[in-house]
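Trainee: I should like to learn how to read the features of a structural model, one at a time. Would you take me through an example?

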Amino acid sequence: MATLEIKNLHVEVEGKKILKGVNLTISEGETVALLGPNGHGKSTLLNAIMGHPRYTVTDGEILFDGKDIKSLSVDERARLGLFLGMQSPAEVPGVSNSDFLRAAINAKSEKPISTYKFYKMLDTATKDLKMPFDLATRSLNEGFSGGEKKRNEMLQLILLEPKIAMLDEIDSGLDVDAIQSVSETINREKEKGRGFLIISHYARLFDLVSPTRAVVIINGRIALDGGPELIKRIDQTGYEFIKTEYGIEIQKEEADMNDVSIGTCAVREAIK
Ligand SMILES: Nc1ncnc2c1ncn2[C@@H]1O[C@H](COP(=O)(O)OP(=O)(O)OP(=O)(O)O)[C@@H](O)[C@H]1O
Ligand SMILES: [Mg+2]
């Protein structure tokens, strides 16, 4: 059974310290909800695990089945069985979605997938996600609506069959029917034994996918690691109880007043 272990992880972005000693373990078959206020390091954690070059690991370990994967490239990590569904998927004009998916499948298997098998898989997966088939053949994410991009991330997950999948706000921008089909897909993939680390700000998605654990990132550290009841509590009362019950002060981002625009002048007036 695959296990992802994060030990004392410190990460910087553009010279700014974001993660300050994260410890977290996720095993295949587990579904972990990752919560936390805006800007506290959730996406940074997922990007650092996946090996995004902009996120510099300055200390700590990222172990996959006991092996440190920090020096591996993104595609090598994907080949081991890690997957990241991004918060803001990039548009790649000129690269067809289906060519991209097929290349990604081929990169992790010994022999190339047959055209027949690939299109059969694509057809089933797009139907499961209630996605128009033409999205699979257009340029990767180019001109896709917000919800279409998110469904396309799920399409990649289905086809790439990772051991541990990380989903960053997969529910943002989805209409109610799409949230339903995305959560049904997550539940189907869970039954195949995949582990999930899921970021969302909303209890609705978590109600549909029933996480086994919930962890909360505050100020670049895991402040709480507990049962799924944490999700309901945060949804109903916010993060304030973490300060009153655990004595953890929630740092707010200071407004940077150096870049002057009409917008910042208006903000300056408003906060006087
Ligand atoms: N490329 C970057 N350049 C500069 N700062 C960055 C960059 N990426 C992230 N940051 C900063 O790192 C901090 C953590 O960002 P991160 O995206 O991890 O937050 P988050 O917890 O995912 O928030 P949200 O809930 O809003 O998605 C923020 O202050 C953000 O501005
Ligand atoms: Mg984020």
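Mentor: We shall discuss a helix, the ligand shell, the core, a sheet and some backbone angles. Please bear in mind that the model is predicted.

Trainee: Let us begin with helix H6. How far apart are its end C-alpha atoms, and what span should its residues give?

Mentor: A helix can be checked by setting its expected span beside the distance between its ends. H6 covers residues 146-160, and at 1.5 Å a residue these 15 residues should span 21 Å. The end C-alpha atoms are 22 Å apart, so the two values agree.

Trainee: Which residues of H6 are buried, and against which elements do they pack?

Mentor: The buried residues of H6 include Lys 149, Lys 150 and Arg 151, as well as Met 154, Leu 155 and Leu 157. Among the partners of the buried residues are two strands, S6 (82-85) and S9 (164-168). The helices H3 (97-107), H4 (115-128), H5 (134-137) and H7 (176-191) also pack against them.

Trainee: With which residues is Ile 105 in contact, leaving aside its neighbours within four places in sequence?

Mentor: Ile 105 is in contact with Ile 113, Phe 118, Leu 159 and Leu 160. In the case of Leu 159, 54 residues away along the chain, the C-alpha atoms of the pair are separated by 7.1 Å.

Trainee: How many residues surround ligand 1, and which are the closest?

Mentor: There are 15 residues around ligand 1, and the closest are Asn 38, Gly 39, Lys 42, Ser 43 and Thr 44. By class, eight residues of the shell are polar, five are charged and two are nonpolar. Strand S2 (16-27) and helix H1 (42-50) each supply at least two residues, and H1 gives the most, with three.

Trainee: How many residues does the largest nonpolar core have?

Mentor: The largest nonpolar core has 58 residues, and those with the most contacts inside it are Ala 33, Leu 34, Ile 49, Met 166, Ile 198 and Val 216. Strand S11 (residues 213-218) gives the most to this core, with five residues. Leaving aside neighbours within four places in sequence, the contacts of Met 166 are Leu 46, Ile 49, Phe 83, Leu 84, Gly 85 and Leu 197.

Trainee: What is the order of the strands in the open sheet of four strands?

Mentor: The order is S2-S1-S4-S5, and the pairing is antiparallel. S2 and strand S5 (67-68) are the edge strands, each pairing on one side only. Strand S1 (residues 3-13) joins S2 over nine bridges in the antiparallel sense; Ile 6 stands opposite Leu 24 in S2.

Trainee: Where is Asn 219 placed, and what is the value of its phi?

Mentor: Asn 219 lies in the loop between S11 and strand S12 (221-226), and its phi is near 55 degrees, a positive value in a residue other than glycine. With 16 other C-beta atoms within 10 Å, Asn 219 is partly exposed.

Technical notes
Residues are numbered from 1 along each chain as its sequence is written. Chains are lettered from A and ligands numbered from 1 in the order in which they are written. This is a predicted model: local features need pLDDT of at least 70, side-chain atom pairs count only at pLDDT 80 or more; totals for chains, interfaces and linings use all residues. The expected span of a helix is 1.5 Å times one less than its number of residues. A residue is buried if 20 or more other C-beta atoms lie within 10 Å of its own, exposed if 12 or fewer, and partly exposed in between; C-beta atoms are placed from the backbone. Two residues are in contact if their C-beta atoms, placed from the backbone, lie within 7 Å. A residue is near a molecule or strand if its C-beta atom, placed from the backbone, lies within 6 Å of it. Ala, Val, Leu, Ile, Met, Phe, Trp, Tyr, Cys and Pro count as nonpolar, Asp, Glu, Lys and Arg as charged, and the others, Gly among them, as polar. A nonpolar core is a set of buried Ala, Val, Leu, Ile, Met, Phe, Trp, Tyr and Cys residues joined through C-beta atoms within 7 Å. Two strands pair if DSSP finds at least two bridges between them.
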